[in-house]
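Colleague: Please walk me through this model, starting with how its parts are described.

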Amino acid sequence: MNGIKINHLTKVFGGVRAVDDLSISIAGGAATGLIGPNGSGKTTLMNLITGLLKPDCGTIEIDGEIFDNINPQKLRDLRIARTFQDGRLVDQLSVDDNLLLAIAENDTRKSLLQINTSSMQERLDKTLKKIGLTAHREKMAEDLSYGQRKLLEMGRALIQDADIYLLDEPFSGLFARQIENVLKLITDLKKSEKTIVIIEHNMGLIKQVADKLIVLDHGQLLASGSPNVVLKNKSVQQAYLGV
Ligand SMILES: Nc1ncnc2c1ncn2[C@@H]1O[C@H](COP(=O)(O)OP(=O)(O)OP(=O)(O)O)[C@@H](O)[C@H]1O
Ligand SMILES: [Mg+2]
């Protein structure tokens with residue numbers, strides 16, 4: 001499994017260089033923690049990789065193909081799934097339908113009519129079980145608790161059975177038991193050698209799941225390497241941990 005290579009990527013908003021001439025490599029088949037202070041460009045980087053934003057300059061290389069902009073069709077072909085920091089559920093649809101929508105949005109076939117409904121049902125049931133929401137499948141998304149919404153958001157990524165998962169703060173605001181649940185989901189992805197990028201502010205958690213860390217500061221690379229080494233780095237401690 002190839003990883004993602006970012007070359008001189010830049011995104012400027014007004015006077016803010018959110019991602020600033022950034023060149024990094026994200027290993028394939030491993031879990032990378034993407035960390036850095038608030039506003040350091042983590043979400044912007046995910047938005048650039050998933051084509052939600054167009055870079056001002058620079059390129060993104062995935063599976064050996066080089067892009068200066070990724071469109072939704074390409075995203076589907078590259079089998080990239082993501083979750084959003086602020087969530088992207090449809091409040092007025094059921095849990096089931098939010099999951100089915102994630103299949104619909106990301107299927108590469110010309111029409112959903114070409115999807116075998118029994119295989120869709122199977123994927124749906126399997127995903128509901130994984131995220132522990134089977135008993136809530138008919139509830140409207142708006143009637144779920146915050147933690148259940150986060151799990152559903154994860155489910156929307158998992159049901160796509162992608163090769164690359166970009167997870168923007170999947171643990172934030174969760175209770176201990178829900179954190180365990182998400183940890184298990186990510187551990188399972190790791191076992192199947194998916195490429196995973198996780199944005200997270202809790203260093204204890206990121207140390208548990210990440211094989212490697214990339215630290216951003218003001219849109220630039222501050223440090224990268226194994227979690228134990230990176231978290232001991234003085235400039236990382238000063239910029240991020242404030243010590
Ligand atoms: N759409 C936008 N328009 C204008 N400025 C933006 C936009 N998106 C991000 N920014 C700015 O770019 C910088 C990087 O933001 P980004 O959301 O990528 O940071 P982050 O590292 O994800 O932060 P956090 O940890 O708080 O989620 C910030 O200064 C932010 O205000
Ligand atoms: Mg963010």
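Modeller: Gladly: axes are lines fitted to C-alpha atoms, for helices over the stretch in contact, and angles run from 0 to 180 degrees between N-to-C directions. Helices (H or I, at least four residues) and strands (E, at least two) are DSSP runs, numbered from the N terminus. This is a predicted model, where local features need pLDDT of at least 70 and side-chain atom pairs count only at pLDDT 80 or more, while totals for chains, interfaces and linings use all residues. Residues are numbered from 1 along each chain as its sequence is written, with chains lettered from A and ligands numbered from 1 in the order in which they are written.

Colleague: What is the angle at which the axes of α5 and α6 cross?

Modeller: The axes of α5 and α6 come within 11 Å. Angles under 35 degrees count as roughly parallel, over 145 as roughly antiparallel, 65 to 115 as roughly perpendicular and the rest as oblique. α5 and α6 are therefore roughly parallel to each other, and the crossing is at roughly 10 degrees.

Colleague: Which classes of residue make up the contact of α5 with α6?

Modeller: Residues are in contact if their C-beta atoms, placed from the backbone, lie within 7 Å. On that basis G147, L151, M154 and L158 of α5 meet Q178, N181, V182 and L185 of α6. Ala, Val, Leu, Ile, Met, Phe, Trp, Tyr, Cys and Pro count as nonpolar, Asp, Glu, Lys and Arg as charged, and the others, Gly among them, as polar. The tally for the contact is five nonpolar, three polar and no charged residues.

Colleague: Why are α4 and α5 oblique to each other?

Modeller: α4 (residues 117–131) packs on α5 (residues 146–158) with the two axes 9 Å apart. α4 and α5 are therefore oblique, and the angle between them is about 140 degrees.

Colleague: Which residues of α5 does α4 meet?

Modeller: On the α4 side, the residues are T127, K130 and I131. The contact of α4 with α5 holds five nonpolar, two polar and one charged. From α5 come L151, L152, M154, G155 and L158.

Colleague: Which residue in β10 is the bridge partner of L213?

Modeller: β9 (residues 212–217) and β10 run antiparallel, joined by five bridges. The partner of L213 in β10 is G225.

Colleague: Why is one side of β2 and of β5 left without a neighbour?

Modeller: The other open sheet, of four strands, has antiparallel pairing and the order β2-β1-β4-β5. β2 (16–26) and β5 (65–67) lack a neighbour on one side because each stands at an edge, with a single partner strand.

Colleague: Which element gives the most residues to the shell around ligand 1?

Modeller: A residue is near a molecule if its C-beta atom, placed from the backbone, lies within 6 Å of it. The residues around ligand 1 include G39, S40, G41, K42, T43 and T44, and by class the shell has three nonpolar, eight polar and one charged. β2 and α1 (42–49) are the elements that give two or more residues. The most, three residues, come from α1.

Key:
Pairing = 2+ DSSP bridges. Contact = placed C-beta atoms within 7 Å.
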